[in-house]
Amino acid sequence: MNDKPLIVFVGAVYPSQYSLLCSHLRAQGLADAWFMTTPGHKANHDKHCDHLLSFQPDGLIVGPQSYYYSDKVERSARICRGVLKALEDFEAAQGRKIDVVVAHSLWGAPNWLYGELEAAIVSYIEFPSYLAHGWDAAYPPDQAQRLGDRNTEMLSFHQVLCSDLTIVPSAYARSMFPPLLQERIAVQFEGFDIQPPLRNFGAASDAANDTKKPFTIAFSARDLSSAKGFETYIRLVDRMVRGGDGHNTRFIAIGDAKASTYGYEQQWVERRYGGKVESFRDHLLKVYPAAEVIEFPGHLPYAQFSALLAEVDLFLYPLRYGVANWGLMEILARGGCVIGSNWGFAPELITHNVNGLLLPDNDDDWIEAIRQLRGDPARRQRYAQAALETGKAYHIAKVAPRFMALFARAMANRKAPLVAQR
């Protein structure tokens, strides 16, 4: 008899949320864990991973669906129709029932699993809708985008109501849901296996040994968007250069200027310039020309990205909207010295004046803090050491037991649901 729980993680993309967790649970003997993804991803990763399963979506899931306003509902149906069949076939092949299915809310789409499987269903949702998440009022969505987003919200609320447990990555994310639903939602940020830093960020010895080296101030995010605070970074650099604070300073913005974002900046740029300006970044450089000194390395292979992080003395993270950021954890776990926003989810990872600084949305405050930290390498080193400890607390080995406790909670909820089963 196998006493390990049989857990299947589901997501149309691999690797993705929980793929590391799945591999860790399996390797450590904590669960009989499998990851179910689309056939193409399975084929691409099969030689490196012995626990991949596949599902065949019931139609195309990339690109527009048949009706704009119900796009995500239709895509979710196509995904879940394939997932349900694949899970049923997997149970038959295993000769046992699945204990827990952990599904990404949109790319794992658990909507049709309820009542069809005996497994406890755990839904992972980053945020319920773009409406709840927020967008920059300077770059608003169209009415059609707002209306279509209501269907995303509908899917999210339905999953919270029907799942045995829903997991979100931050308390800030949970706060976006109606209070009546929040008791059905657990907060747990992912686990990571980030390698040790390549050097001690902001170490006093660095400053003493190389006084001629430029002081490097960086912004780092997957996308160079307003939501991540890129516009704030550009504006700060422009002001610093014009105000004389750019002497012997290197500015870097790490990220893809053409990546998809959680906002509507790119369509605003296309409409304003009629295609003559390529990206939101290029628009901002027209508005803040002194920021042309910024280096833009673009999207980098991971090894190059890691090496570049090691060259940075101070990271600016002026988040505007967001429920979690895996890039911020990467910086902290590698010993980065960070100034972050004092709102959103950032205070859940950064403790003010312990492993970084938290500041309000005020340019004067940010520039003064930059000046102070630039002149205080010992303080930067103190933040860096505390940031390393933060990273260790989110190592996959520390986080995996917390997830197993959540999965046990979901199984208990499945046996004794809050809503009576007929």
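**Close-up views of the predicted model**

**Figure 1. Arg371 is partly exposed, with a relative accessible area of 44%.** The structure shown here and in the other views is a predicted model. Arg371 forms a salt bridge with Glu368, and the closest N and O atoms of the two residues are 3.8 Å apart. Both partners belong to helix 15, which comprises residues 363-374. Because they are three residues apart in that helix, about one helical turn separates Arg371 from Glu368. Glu368 also counts as partly exposed, its relative accessibility being 36%.

**Figure 2. A salt bridge joins Lys213 to Asp313.** The closest N and O atoms of this pair are 3.3 Å apart.

**Figure 3. The side chains of Arg250 and Glu295 meet in a salt bridge.** The N to O distance is 2.8 Å. Arg250 lies in strand 9 (residues 249-256) and Glu295 in the loop between helix 11 (280-287) and helix 12, so the pair ties together parts that are 45 residues apart in sequence. Arg250 has a relative accessible area of 23% and is partly exposed. Glu295, with a relative accessible area of 34%, is partly exposed.

**Figure 4. Five charged residues take part in a network of salt bridges.** The linked residues are Arg26, Asp32, Asp50, Arg96 and Asp99. How many salt bridges does the structure contain? The count comes to 26 salt bridges.

**Figure 5. Tyr67, Tyr68, Tyr69 and Leu147 form a nonpolar patch on the surface.** Together these residues have about 420 Å² of accessible area. One of them, Tyr69, is located in the loop between strand 3 (52-54) and helix 3 (71-94). Tyr69 counts as partly exposed because its relative accessibility is 32%.

**Figure 6. The largest cavity has a volume of about 50 Å³.** The structure holds four cavities of 30 Å³ or more. Which residues line the largest cavity? The lining consists of Gly134, Trp135, Asp136, Tyr139, Ser226, Ala227, Tyr262, Gly263, Tyr264, Glu265 and Tyr321. Sorted by class, this lining has six nonpolar, three polar and two charged residues.

**Figure 7. The peptide bond from Tyr14 to Pro15 is cis.** Its omega is near -5°. Most peptide bonds are trans. Pro15 is situated in the loop between strand 1 (6-10) and helix 1 (19-27). Tyr18 is also found in the loop between strand 1 and helix 1. Although Tyr18 is not a glycine, its phi is positive, at about 75°. Is Tyr18 buried or exposed? Tyr18 counts as buried because its relative accessibility is 4%, and buried means under 20% relative accessible area.

**Figure 8. Asn248 has a positive phi.** The value is near 50°, in a residue other than glycine. Most residues other than glycine have a negative phi. Asn248 is found in the loop between helix 9 (230-242) and strand 9. With a relative accessibility of 32%, Asn248 counts as partly exposed.

**Figure 9. Ala416 and Asp164 are 252 residues apart in sequence and 9.7 Å apart in space.** The distance in space is taken from C-alpha to C-alpha. Ala416 lies in the segment after helix 17 (396-415). Ala416 counts as exposed because its relative accessibility is 52%, and exposed means over 50% relative accessible area.

Note on methods
Residues numbered from 1 in each chain as written. Predicted model: local features only at pLDDT ≥ 70, side-chain atom pairs only at ≥ 80, totals over all residues. Heavy atoms only, no water. Patch = residues over 30% accessible without salt bridge, like charges linked within 9 Å, V, L, I, M, F, W, Y side chains within 5 Å. Areas by Shrake-Rupley, 256 points an atom, 1.4 Å probe, with all protein chains shown as cover. Salt bridge = Lys/Arg side-chain N within 4 Å of Asp/Glu carboxyl O. Helix = DSSP H or I, 4+ residues; strand = E, 2+ residues; numbered from the N terminus. Buried < 20%, exposed > 50% of the residue type's maximum accessible area, 1.4 Å probe, protein only. 1 Å grid on protein atoms, 1.4 Å probe; cavity = no way out; pocket = protein on both sides within 12 Å on 5 of 7 lines; lining within 4 Å. Points joined across faces, edges and corners; volume = space filled by probe spheres on them. Nonpolar A, V, L, I, M, F, W, Y, C, P; charged D, E, K, R; others polar.
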